[in-house]
Amino acid sequence: EYYIWVAAVSSDGQGSYSTRVSLTTYTVPGAPTDLMIYPTSESCDQLMVTWTAPSNTGGLPVTYRVYGNGVEIQSLIANDSTMLSNLTADTEYTVTVVAVNELGEGGNVTGTGRTRPEAPSVSLSVPSSTQLRIMLTAPTGSFSLTYKCNITEIDMSPKTVTGT
């Protein structure tokens with residue numbers, strides 16, 4: 001912030017000073033920090049994104065633009081977190097959060113997160129009174145997953161299913 005006051009000067013001397021005027025300079029904001037990207041427990045097509053506001057706001061209110069894999073997903077959100085929805089399951093996303101004020105885009109922070117895989121489809125059959133057959137059909141895609149199956153109070157050891 002600057003303070004300015006002016007006095008006229010002539011060959012007869014200096015006059016009185018004007019009223020002091022202040023001037024504040026503004027800049028674009030700095031970069032957000034502490035970016036965290038993680039899948040939600042509710043869905044396989046969502047990522048939660050959180051960050052910390054930049055320490056330098058440029059002297060103006062800051063909003064944010066959020067990009068996923070280079071495409072703007074959300075614009076001018078005021079808080080420091082957002083939920084990205086309608087994403088593809090079991091997919092890695094590069095997320096960039098850009099701080100913005102009325103002067104334009106400032107700094108950004110980038111990170112990656114992966115959505116959860118879809119659940120397998122399950123079918124059961126009872127071949128005999130002492131057997132239970134569980135058949136899992138893995139979701140489509142290229143992956144290697146481990147499934148844990150719980151049946152009443154019996155906890156079976158993890159079963160690894162690999163599909164392409």
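Reader: Is Asp-90 buried, partly exposed or exposed?
Author: The model is a predicted one. The relative accessible area of Asp-90 is 27%. Buried means under 20% and exposed over 50%, so Asp-90 is classed as partly exposed.

Reader: Which side chain meets that of Asp-90 in a salt bridge?
Author: Asp-90 lies in the loop between strand E9 (81–84) and strand E10 (92–101), and its partner lies in strand E11, 24 residues apart. The N to O distance is 3.6 Å, and the cut-off for a salt bridge is within 4 Å. The partner is Arg-114.

Reader: What is the relative accessible area of Arg-114?
Author: Arg-114 belongs to strand E11. The residue is classed as partly exposed, because its relative accessible area is 42%.

Reader: How many residues apart in sequence are Arg-65 and Glu-105?
Author: A search of the whole structure finds two salt bridges. In one of them, the side chains of Arg-65 and Glu-105 meet at 2.9 Å, N to O. Arg-65 lies in strand E7 and Glu-105 in strand E11, so the pair ties together parts whose separation in sequence is 40 residues.

Reader: In which order do the four strands of the open sheet stand?
Author: The pairing within this sheet is antiparallel. Strand E8 (71–77) and strand E11 (104–114) are the edge strands, as each pairs on one side only. The twist from one strand to the next averages 20 degrees. The order is E8-E7-E10-E11.

Reader: Which residue in the turn of the E7 and E8 hairpin has a positive phi?
Author: E7 and E8 run antiparallel and are joined by four bridges. Among the facing residues, Tyr-64 stands opposite Ile-77, while Gly-68 has Val-71 as its bridge partner. Two residues lie between the strands of the hairpin, and the one with a positive phi, of about 50 degrees, is Asn-69.

Reader: Is the pair of Trp-51 and Tyr-64 stacked, tilted or edge-to-face?
Author: The structure holds one aromatic pair. The ring centres of Trp-51 and Tyr-64 are 5.1 Å apart. Trp-51 is in strand E6 (residues 47–52) and Tyr-64 in strand E7 (residues 63–68). The planes stand at 65 degrees, so the pair is edge-to-face.

Reader: Are Trp-51 and Tyr-64 buried or exposed?
Author: Trp-51 has a relative accessibility of 3%. Tyr-64 has a relative accessible area of 3%. Buried means under 20%, so Trp-51 and Tyr-64 each count as buried.

Reader: Over which ring does the charged end of Arg-20 sit?
Author: The charged end of Arg-20 is 4.2 Å from the centre of the ring. The ring in question is that of Tyr-3.

Technical notes
Residues are numbered from 1 along each chain as its sequence is written. This is a predicted model: local features need pLDDT of at least 70, side-chain atom pairs count only at pLDDT 80 or more; totals for chains, interfaces and linings use all residues. Side-chain values use heavy atoms; hydrogens and water are left out. Rings of Phe, Tyr and Trp (its six-membered ring) pair if their centres lie within 6.5 Å; planes under 30 degrees apart count as stacked, over 60 as edge-to-face and the rest as tilted. Buried means under 20% relative accessible area, exposed over 50%, partly exposed in between (1.4 Å probe, protein chains only). A charge sits over a ring if NZ of Lys or CZ of Arg is within 6 Å of the ring centre and within 35 degrees of the ring normal. Two strands pair if DSSP finds at least two bridges between them. Axes are lines fitted to C-alpha atoms, for helices over the stretch in contact, and angles run from 0 to 180 degrees between N-to-C directions.
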